[in-house]
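Me: I'm new to looking at protein structures and I'd like to learn how to read one. Could you walk me through it, feature by feature?

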Amino acid sequence: MATFDLERLERQVESLILGCQRLREENQSLRMRQDALVAERAELIEKTEQARARVEAMLERLKAMEEQL
């Protein structure tokens, strides 16, 4: 009886170890993905700001041209 319980416990511990390893790998993958998304977001924000600045500059030039007419 004790041997059966010990074997069952060993299987459960092994299952827990495998589950922890899987979760650790998944967590690492998710952290890497999050880092990539944060970097991509920063890049998109920068591009948006650059586009906004160009549009504002074009509007200012158009207003200046309109005033000259």
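Predicted model: local features only at pLDDT ≥ 70, side-chain atom pairs only at ≥ 80, totals over all residues.

Me: Okay. How many helices and strands does the protein chain have?

Reply: Start any reading by counting those elements. Here the protein chain has one helix and zero strands. The helix is called α1 and covers residues 2–68. Ala2, for example, is found in it.

Me: And why is the protein chain said to be more spread out than a compact globule?

Reply: You compare the radius of gyration with what a rule for globules gives. For 69 residues that rule gives 11 Å, but the radius of gyration of this chain is 30 Å, so the chain is more spread out than a compact globule.

Me: What share of the residues counts as buried?

Reply: Here you need a cut-off: buried means under 20% relative accessible area, and exposed means over 50%. In this chain, 1% of the 69 residues count as buried. Try the cut-off on Ala2: its relative accessible area is 63%, so Ala2 is exposed. As a whole, the chain exposes about 6800 Å², with 58% of that supplied by carbon and sulfur atoms.

Me: Now the charges. How many positive and negative side chains are there, and how far apart are the centres of the two sets?

Reply: Count each kind, then compare where the two sets are centred. The protein chain has 12 positive and 15 negative side chains, and the two centres lie 1 Å apart.

Me: Which side chains meet in salt bridges, and how many salt bridges does the structure hold?

Reply: The general idea first: side chains of opposite charge can pair when their charged atoms come close. This structure holds three salt bridges. Let's take them in turn:

- Arg22 and Glu26 meet at 3.8 Å, N to O. Both lie in helix α1, four residues apart, which is about one turn.
- Glu43 pairs with Lys47, with their closest N and O atoms 3.4 Å apart. They too are four residues apart in helix α1, so about one helical turn separates them.
- Glu49 and Arg52 meet at 3.4 Å, N to O. These two are three residues apart in helix α1, again about one helical turn.

Me: Last one: which residues make patches on the surface?

Reply: A nonpolar patch of about 470 Å² is made by Val55, Met58, Leu59, Leu62 and Met65. Leu62 lies in helix α1. There's also a patch of negative charge, where Glu56, Glu60, Glu66 and Glu67 gather. Glu56 is placed in helix α1 too, and it counts as partly exposed at 45% relative accessibility.

Conventions:
Residues numbered from 1 in each chain as written. Heavy atoms only, no water. Patch = residues over 30% accessible without salt bridge, like charges linked within 9 Å, V, L, I, M, F, W, Y side chains within 5 Å. Areas by Shrake-Rupley, 256 points an atom, 1.4 Å probe, with all protein chains shown as cover. Salt bridge = Lys/Arg side-chain N within 4 Å of Asp/Glu carboxyl O. Rg over C-alpha atoms; globule rule 2.2 N^0.38 Å. Buried < 20%, exposed > 50% of the residue type's maximum accessible area, 1.4 Å probe, protein only. Lys, Arg positive; Asp, Glu negative; His and termini not counted. Charge placed at Lys NZ, Arg CZ, Asp CG, Glu CD.
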